[in-house]
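Trainee: Could we go through the labels on this one? I'd like to know what stands behind each of them.

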Amino acid sequence: YPQFMFNLRRSQFLQTANNTPDETAFYRLMMGRETVLNSLIMIQPTLMSYTFNGPPMPVLLDVASIQPDCILLLDTFFMIVVHAGSTIAAWRKANYQDQPEHEAFRNLLAQPVADAATAMGGRCPTPRLVECDQGGSQARFLLAKLNPSATHNTSDASMPSYDRAVGGGGGGYDGAGGGAEIIFTDDISMNVFLQHLAKLAVQG
């Protein structure tokens, strides 16, 4: 529940600074007319990771989920983002997918795009599809939805992870294992949000 409150606070339903009044009204209208599942996706988007190590699996909405050797599929209902890690993007630009011996890589590139097309086919209005690479300008659409556990004001070694913040224990996304990606933002992280909730609960 706390993570839904955190994401609702950051969503376009409450944060209207970067939206016109018409856009805000549209988002709220769509939330009221869609199913519960779709409404939950609007509040807390889903993030899937595609790697060579196994089938697609859900990962945390955290900057630590960005890894150079994986492809992320972010579904916000209104927008779907296919984000390639830096290593994946370099291999694609080198045209490894066109070589017969790299069929697995070709399939890895195609699977998230196919899953995105499937999700888009069942929605009206059709979500916007964004395909981007780590470090590219379009990657901002992914970064805007992730928990900023590592920013320009923090370090990976000192910043608690999303997994630890929501009480998941150690996991694979502790502060030292998140990788080099950071988010340039002054917005608070999930950990800081929960600390404020804890203070309010004690004061109450």
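Mentor: Here are some labels, each set against its cut-off.

Mentor: The model is predicted, so local features need pLDDT of at least 70 and side-chain atom pairs count only at pLDDT 80 or more, while totals for chains, interfaces and linings use all residues. Residues are numbered from 1 along each chain as its sequence is written, and side-chain values use heavy atoms, with hydrogens and water left out.

Trainee: Why does phenylalanine 52 count as partly exposed?

Mentor: Buried means under 20% relative accessible area, exposed means over 50%, and partly exposed is in between (1.4 Å probe, protein chains only). Phenylalanine 52 has 44% relative accessibility, so partly exposed it is. You'll find phenylalanine 52 in the loop between strand S1 (46-51) and strand S2 (54-58); strands are DSSP runs of E with at least two residues, helices are H or I runs with at least four, and both are numbered from the N terminus.

Trainee: What makes phenylalanine 26 and tyrosine 27 a tilted pair?

Mentor: Rings of Phe, Tyr and Trp (its six-membered ring) pair if their centres lie within 6.5 Å; planes under 30 degrees apart are stacked, over 60 edge-to-face, the rest tilted. That rule gives seven aromatic pairs. For phenylalanine 26 and tyrosine 27, the centres are 5.7 Å apart and the planes make 55°, hence tilted. Both belong to one aromatic cluster, formed by Phe26, Tyr27, Phe77 and Phe78.

Trainee: Why is tyrosine 27 called buried?

Mentor: Because its relative accessible area is 17%. Phenylalanine 26 comes to 33%, so that one is partly exposed.

Trainee: And how do you know which kind of pair tryptophan 91 and phenylalanine 105 form?

Mentor: Look at the angle: 85° between the planes, with 5.8 Å centre to centre, is edge-to-face. This pair links distant parts of the chain, with tryptophan 91 in helix H4 (residues 86-93) and phenylalanine 105 in helix H5 (residues 103-121), 14 residues apart.

Trainee: Are tryptophan 91 and phenylalanine 105 buried or partly exposed?

Mentor: Tryptophan 91 has 31% relative accessible area, so it is partly exposed. Phenylalanine 105, at 4%, is therefore buried.

Trainee: What about the largest pocket, how much space lies in it?

Mentor: About 930 Å³. Its lining takes in 28 residues, with Arg10, Gln12, Asn18, Ala144 and Lys145 nearest the centre. A pocket, on a 1 Å grid over the protein atoms alone, is an open set of points where a 1.4 Å probe fits, with protein on both sides within 12 Å along at least five of seven lines; lining residues have an atom within 4 Å of a point.

Methods:
Grid points are joined across faces, edges and corners, and a volume is the space filled by probe spheres set on the points.
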